[in-house]
Amino acid sequence: MIELKNVSKKYKNGVHALRDITLTIEDGEFVYIIGPTGSGKSTMIKLLDGEEVPTEGSVVVEGVNVGKLRHSKVPLYRRNIGVVFQDFRLLPKLTVFENIAFALEVIGMSKADIRHRVRKVLELVSLEDKAKSFPNELSGGQQQRATIGRAIANHPKVLIADEPTGNLDPQMSAEIMELLEKINEVEKTTILMVTHDSTIVDRFKKRTICLEEGYIVGDIMKGGYIKRD
């Protein structure tokens, strides 16, 4: 479960990015976070992955008060958080198999367990035939699939997808959405997806959190019911 209680974030330059945010996301939910540039979306992600701490209020993810973590404990916490960006960030000199395996090597998993898990992930993201390929040999959609595979390799409880379809054409975007839905269903991973793509939001209907000027201005449930603070 993700719980934000009366969360505000004000930066040293005076920018008030989030204002009194209270929000609960249950385990296994798939939630969009939308809003115009400067609405607070990026700050919310940074609070969830421990990159920033709230000025006021608390951010609790799977029982961990993220804002209270010591700096040295943040990397350990992040093992439960997968993050996917729109610019892929694959290691160019490693194959797809090696990119996914790398996420498991850093947590000390045995070589046998790594091979087993990577094969399962490759199957899940439909890249079995690209295991030995390098990133520059893949299409944009395949690179994003590999990035998602790396992000879920260690069974994170939460996957944060920051504009994962931003660099993809409509067909590839739809394929990535179908993959995220599959991960949400098969792996039972809670997914938070930041997006500007209204076509995706309209086609693949999910709970949608609307931010504006640091406030939650809408919480649109999948069925269309809207809650407002």
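## A buried lysine and its partner

Lysine 9 counts as buried, with 8% relative accessibility; buried here means under 20% relative accessible area, exposed over 50%, and partly exposed in between, using a 1.4 Å probe and protein chains only. Its partner is glutamate 52, and the closest N and O atoms of this salt bridge are 3.4 Å apart. A salt bridge is a side-chain nitrogen of Lys or Arg within 4 Å of a carboxyl oxygen of Asp or Glu. Glutamate 52 is partly exposed at 22% relative accessibility.

## About the model

This is a predicted model, in which local features need pLDDT of at least 70 and side-chain atom pairs count only at pLDDT 80 or more, while totals for chains, interfaces and linings use all residues. Residues are numbered from 1 along each chain as its sequence is written, and side-chain values use heavy atoms, leaving out hydrogens and water.

## A link from helix H4

Now for another pair: arginine 117 and glutamate 187 form a salt bridge, 2.9 Å from N to O. Arginine 117 sits in helix H4 (residues 111-124) and glutamate 187 in the loop between helix H6 (170-186) and strand S8 (190-194), so the pair ties together parts 70 residues apart in sequence. Helices (H or I, at least four residues) and strands (E, at least two) are DSSP runs, numbered from the N terminus. Arginine 117 is buried at 8% relative accessible area, whereas glutamate 187 is partly exposed at 22%.

Arginine 207 and aspartate 219 meet in a salt bridge of 2.8 Å, N to O. Both residues are buried. Together with Glu29, Arg207 and Asp219 belong to a network of salt bridges.
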